Amino acid sequence: MIQTITGRAWTAGKIIRSMVLSDAAAREFLGDRLYPMVAPEGTALPLGVYRLAATARDGSHMTGNSGIVTRSYEVAFYADDYDAIDAFAIDFRLRLESWRGVEGGLKVRRVDIDDERDEPYERPEGGEDDPIFARVFTVTLRNIETTTALPDDSY
């Protein structure tokens, strides 16, 4: 079950987590192991982490701020089986690409997957450990924040 803080506005990160973990294929692959920024030490694979990479609030129109905010997230999935992570990547794209709607009170204009790449695994020096495969997505989420218009005669 996805836990949220009652009474707090949803953030774009919560939207990504909620959308991924509400998908049956994702739950089968990840369980509930999708974390902000860093996974707890010792967490079993497969797992995912996400982080806010950039926020742009440059959407404006004639009367002031348009309220459209563009957030870029990096979402990384780690597994010890490359074929499994490759198959899961398809489900991830299908779940998020071009999604729009209202989730937890947050008005999402559109979700786009801008990039998908494998990340190399750096073995520790002298390490004999098994490889860990990583698939990283760059996800752009555009949402509408509450704004105030500029007052009349402000120019």
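Guide: R135 is buried, at 5% relative accessibility. Buried means under 20% relative accessible area, exposed over 50%, and partly exposed in between (1.4 Å probe, protein chains only). The side chain of R135 meets that of D86 in a salt bridge, 2.7 Å from N to O. A salt bridge here is a side-chain nitrogen of Lys or Arg within 4 Å of a carboxyl oxygen of Asp or Glu. D86 lies in helix α3 and R135 in strand β8 (residues 133–144), so the pair ties together parts 49 residues apart in sequence. Helices (H or I, at least four residues) and strands (E, at least two) are DSSP runs, numbered from the N terminus. D86 itself is partly exposed, with 34% relative accessible area.

This is a predicted model: local features need pLDDT of at least 70, side-chain atom pairs count only at pLDDT 80 or more, and totals for chains, interfaces and linings use all residues. Residues are numbered from 1 along each chain as its sequence is written, and side-chain values use heavy atoms, with hydrogens and water left out.

Strand β8 also holds R142. Its side chain meets D112 in a salt bridge, 2.9 Å from N to O. D112 lies in strand β7 (residues 106–119), so this pair ties together parts 30 residues apart in sequence. D112 is buried, at 11% relative accessibility. R142 is partly exposed, at 29% relative accessible area.

The structure holds 10 salt bridges.
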